[in-house]
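Please read the following report alongside the sequence and the model.

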Amino acid sequence: MFNSTLGQEMTAYIELRKAVISESSSSNDQRVLAMLDQYLVESSFQEKVLTEDILATWSKTLTGKSKTVKEKLGVVRSFSRYLNTLGYPAFLPTLPKVKSDYIPYIFSDQEISRIFYHADNLTPEKPKSCSPFFSLKIPMALRILYSCGTRLGETVALQRKDIDFKSKTIFLKHTKFSKERIIPVHESLIEILELYCLALGIMHQPDAFLFPGKKRGTHYTTRQLQFWFSEILKAANIDQREKKPGERGACLHCFRHLFVLKSMQQLEAAGHPVDMNDLLLPTYLGHECLLDTDKYMRFSGVQVPESMDAFESFTAGLIPNVEVPYEED
């Protein structure tokens, strides 16, 4: 399995890991150690130690996103701890900070119009294979995602009792990190939701799912909604085959990015500048602070030029000019 001077120890370590973690996780550990093992062999490394120098040079060969590199170094760090317990000196590599290195796809207003047009006119090839009220559920789910910036899992798990028509709020209970929250929604969306519940016949069924599945007691899955959204993108002629490096292709999660962008634009336009002490938007999104919301504001200036202009106006005068003193030869 392993061929380096630490091959025996690597094999024993993987066997121990298999006994306490899942098969997929132990297989990942094995792949990472195989990379290190190969590097040690190619470097003619013959010692029963893992020095800081050898790990530093090996880490430079790692490719991929910062998260991937961190995960690989984490595996080696755990192996180093194991070696230390055996009495073999092993350096514990420092794990790098994970940086978000992608640019989300920001839908234009024209693309949003095309998306909703094709969602409202979506016709499956085999209508009988779809759940009842299929033609209503997809457009309704997209309107919630677009208007509220909710996560996909939060949306598909909604029940009738989660919608309060009087207070015009939605209760989100199946949330990331179990951060339940109540969000206010626009009156126009509440009106559509009321008509939707009446059409499905669930207005007086509090435990009914807002997006019921084909089988009784189930709801639409995130995968199902993602599939139909990809069909809508094709019909709307939103081509994702030529993405720039680091960019995220158009997907349902991009609605959440778009919601943040448009919300911040509206807040600024209403005279409510968003700063680091403002928890209004992060609370609505289910984030602990604005730093968690920050990654949703990473977009291309080419896609949203007016926002870049606003940013330049905002920072005018904040960054001083630096004059380099002239030196004669």
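## Basis and overall make-up

This is a predicted model, in which local features need pLDDT of at least 70 and side-chain atom pairs count only at pLDDT 80 or more, while totals for chains, interfaces and linings use all residues. Residues are numbered from 1 along each chain as its sequence is written, and side-chain values use heavy atoms, with hydrogens and water left out.

The protein has 13 helices and 3 strands, where helices (H or I, at least four residues) and strands (E, at least two) are DSSP runs numbered from the N terminus. Of the 329 residues in the protein, 41% are buried; buried means under 20% relative accessible area, exposed means over 50%, and partly exposed lies in between, with a 1.4 Å probe and protein chains only. Taking contacts (heavy atoms within 4.5 Å) between residues at least 6 apart in sequence, 61% join residues at least 24 apart.

## Packing around helix 4

Two packed helices are described by the angle between their axes and the distance between the axes. Here axes are lines fitted to C-alpha atoms, for helices over the stretch in contact, and angles run from 0 to 180 degrees between N-to-C directions. Helix 1 (residues 7-20) packs on helix 4 (residues 66-85) at an angle of about 105 degrees, with the axes 11 Å apart. That makes helix 1 roughly perpendicular to helix 4, given that angles under 35 degrees count as roughly parallel, over 145 as roughly antiparallel, 65 to 115 as roughly perpendicular and the rest as oblique. On the helix 1 side the contact involves E9, M10, A12, Y13 and L16, which meet V75, S78, F79, Y82 and L83 in helix 4. The residues of this contact of helix 1 with helix 4 comprise 8 nonpolar, 1 polar and 1 charged, where Ala, Val, Leu, Ile, Met, Phe, Trp, Tyr, Cys and Pro count as nonpolar, Asp, Glu, Lys and Arg as charged, and the others, Gly among them, as polar.

The axes of helix 2 and helix 4 come within 9 Å and cross at roughly 85 degrees, and these two helices are therefore roughly perpendicular to each other. Helix 2 contributes N28, D29, V32, L33, M35 and L36 to the contact, and helix 4 contributes K72, V75, V76 and F79. By class, the contact of helix 2 with helix 4 has 7 nonpolar, 1 polar and 2 charged residues.

In helix 3 the buried residues are I54, L55 and W58. Seen down the axis of helix 3, these buried residues fall within an arc of 95 degrees, so they line one face of the helix; the arc is that of the directions from the helix axis to the C-beta atoms. The buried residues of helix 3 pack against helix 2 and helix 4.

Helix 5 (residues 109-120) buries E111, I112, I115, F116 and A119. They cover an arc of only 130 degrees around the axis, which puts them on the same side of helix 5. Among the elements covering these buried residues of helix 5 are helix 6 (134-148), helix 9 (222-235) and helix 10 (254-269), whereas the face of helix 5 turned away from its buried side carries the exposed residues Q110, S113 and Y117.

## Selected loop and helix residues

Most residues other than glycine have a negative phi, and most peptide bonds are trans. S44, although not a glycine, has a positive phi of about 55 degrees; S44 lies in the loop between helix 2 (23-42) and helix 3 (52-59) and is exposed, with a relative accessible area of 54%. K168, also not a glycine, has a positive phi of about 60 degrees, lies in the loop between strand 1 (163-164) and strand 2 (169-172), and counts as partly exposed at 32% relative accessibility.

T155 lies in helix 7 (residues 152-156) and is buried, with a relative accessible area of 0%. Leaving aside neighbours within four places in sequence, T155 is in contact with A141, I144, L145, T150 and F211.
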